[in-house]
Amino acid sequence: MTQSWYQNKRVLVTGACGTIGVEIVRQLLTEKRYAAKEVMGIDNHESDLFFLDQVYLEYPNAHFSVADVRDVGVLTEKAIGVDVIIHSAALKHVILCERSPEQAIFSNILGVQNVIAAANANNVERVIFTSSDKAVNPTNVMGTSKLMGERLMTAANSNKRGEGPIFASTRFGNVLGSSGSVIPIFHNQIAQGGPVTLTDRQMTRFIMTIDEAVRLVLESVEKAQGGEVFITKMPVIQIADLATAMVEELAGHFGFKPGNIEIIEIGTKPGEKLYEELMSQEETRRAIELANYFSVLPAFRGIYNDISYEYSDTLSQTVTNPYVSEFEAPMSVEGIGVLLRENNLLDRPADTISSRYWPGDKEEN
């Protein structure tokens, strides 16, 4: 069996209690394909961190601490002896970042810069920043802060002299089943007999499972050569088809006939796009297509370092089309149903929320 790239690595995961952070920790600790030497998780959510710690009490290579990415001193201390930092801590809710933009700056921008500083101070081998589709042509504070995080990572790599950490980012779209996902809302609406509420029947989104998202994040750590933004290739769904698939799969479980559960449109949120962008037209000019990703190379190539950017799974050195959901063929309703079943995404959600929350609801009342 080939030795895992992570086998002798000490990995620090920020935002360890988030949807992505929890799964990163789980895979690194429990899956033999990784077998990390040590996994250290930090988060500022004390209660969630306590319970996460309980899950891995029998793992001597698992360590968890309360820490905040806003504190560069604590980050620098936690990064001592670390080989890899996977930075997944962030404020991610669009409306809350819009209402508190200074907090988004502290966490999503200054937090990234603090991670960079901690990595440089400890000569960490590699640093990966988990970004979002909302960083492409952003329409809100949250997306803009994520774009700035990407830029900071690329600049950190371009400005280093000689040896030093490899900094890169990975960008992906909607993670099915993650916190804030539409699936629990649809589930609870169906359980009540409907209606299931859509923003717009034409809306399309890139989607992937939590397992897939994390697997590709961990793979991008190995691939990173410096300053890239890895864009994960993802299937596309129409939100209306997701609603239809969930009605077909779940209605009978709650004593309803699928045809009796109404699916209605209630209008898009302010600033919400009908489609999702994972790569812009400008980025295509400096992108390379790989088997599972596109790699967008830095616009300012190696101010102090010349990097060749050679990957073992390169498919094409030329990318002509931006990666936008409205231009990609969507999955069928049947295919969505299979995806939901195979990934246990039809289980009853822990919360009972069945209403859609819109920016401006409170302000307009």
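I began in the loop between helix H7 (182-191) and strand E8 (196-198), where Pro 195 lies. This is a predicted model, so I am reading computed positions throughout. I checked the peptide bond that joins Gly 194 and Pro 195, and it is cis, with omega about 0°. I noted beside it that most peptide bonds are trans, and that most residues other than glycine have a negative phi.

**Entry two: positive phi**

I found Ala 35, whose phi is near 50° although the residue is not glycine. Ala 35 sits in the loop between H1 and strand E2 (38-43). Is Ala 35 buried or exposed, or something in between? Its relative accessibility is 34%, so Ala 35 counts as partly exposed.

Next I looked up Tyr 309, another residue that is not a glycine and has a positive phi, here about 55°. Tyr 309 belongs to the loop between strand E15 (293-296) and strand E16 (314-316). Tyr 309 has a relative accessible area of 4%; buried means under 20%, so Tyr 309 is buried.

Which residues have the most contacts inside the largest nonpolar core? I found Ile 24 and Leu 28, in a core of 54 residues. Helix H8 (residues 210-223) gives this core its largest share, 7 residues. I also wrote down a second, separate core of 26 residues, which includes Leu 176, Leu 250, Ile 336 and Leu 339.

Leaving aside neighbours within four places in sequence, Leu 28 is in contact with Tyr 6, Val 11, Val 13, Tyr 34, Ala 35, Ala 36, Val 39 and Leu 218. I was pleased to meet Ala 35 again in that list.

I turned to helix H1 (residues 19-30) and H8, whose axes come within 9 Å and cross at roughly 70°. Angles of 65 to 115 degrees count as roughly perpendicular, so H1 is roughly perpendicular to H8. The crossing is right-handed. From H1, the residues that meet H8 include Ile 24, Gln 27 and Leu 28. On the H8 side, Val 214, Val 217 and Leu 218 are among the residues that take part. I sorted the contact by class and got 8 nonpolar, 2 polar and 4 charged residues.

Helix H9 (residues 239-250) and helix H11 (residues 333-342) pack at an angle of about 65°, and their axes are 9 Å apart. This crossing of H9 and H11 is right-handed. Leu 242, Ala 245 and Met 246 are among the H9 residues that meet H11, and the H11 residues include Val 333, Ile 336 and Leu 340. The contact of H9 with H11 has 6 nonpolar, 2 polar and 4 charged residues.

My last stop was Val 84, in strand E4 (residues 84-87). I wrote it down as buried because its relative accessibility is 0%. What does Val 84 touch, not counting residues up to four places away in sequence? I listed Trp 5, Arg 10, Val 11, Leu 12, Val 124, Arg 126 and Val 221. Val 11 had already turned up among the contacts of Leu 28. Finally I compared Val 84 with Met 148: they are 64 residues apart in sequence and 21 Å apart in space, C-alpha to C-alpha.

Terms used. Residues are numbered from 1 along each chain as its sequence is written. This is a predicted model: local features need pLDDT of at least 70, side-chain atom pairs count only at pLDDT 80 or more; totals for chains, interfaces and linings use all residues. Side-chain values use heavy atoms; hydrogens and water are left out. Axes are lines fitted to C-alpha atoms, for helices over the stretch in contact, and angles run from 0 to 180 degrees between N-to-C directions. Helices (H or I, at least four residues) and strands (E, at least two) are DSSP runs, numbered from the N terminus. A crossing is left-handed if the near helix is turned anticlockwise from the far one by less than a right angle, and right-handed if clockwise. Contact means heavy atoms within 4.5 Å. Ala, Val, Leu, Ile, Met, Phe, Trp, Tyr, Cys and Pro count as nonpolar, Asp, Glu, Lys and Arg as charged, and the others, Gly among them, as polar. Buried means under 20% relative accessible area, exposed over 50%, partly exposed in between (1.4 Å probe, protein chains only). A nonpolar core is a set of buried Ala, Val, Leu, Ile, Met, Phe, Trp, Tyr and Cys residues joined through side-chain atoms within 4.5 Å. Angles under 35 degrees count as roughly parallel, over 145 as roughly antiparallel, 65 to 115 as roughly perpendicular and the rest as oblique.
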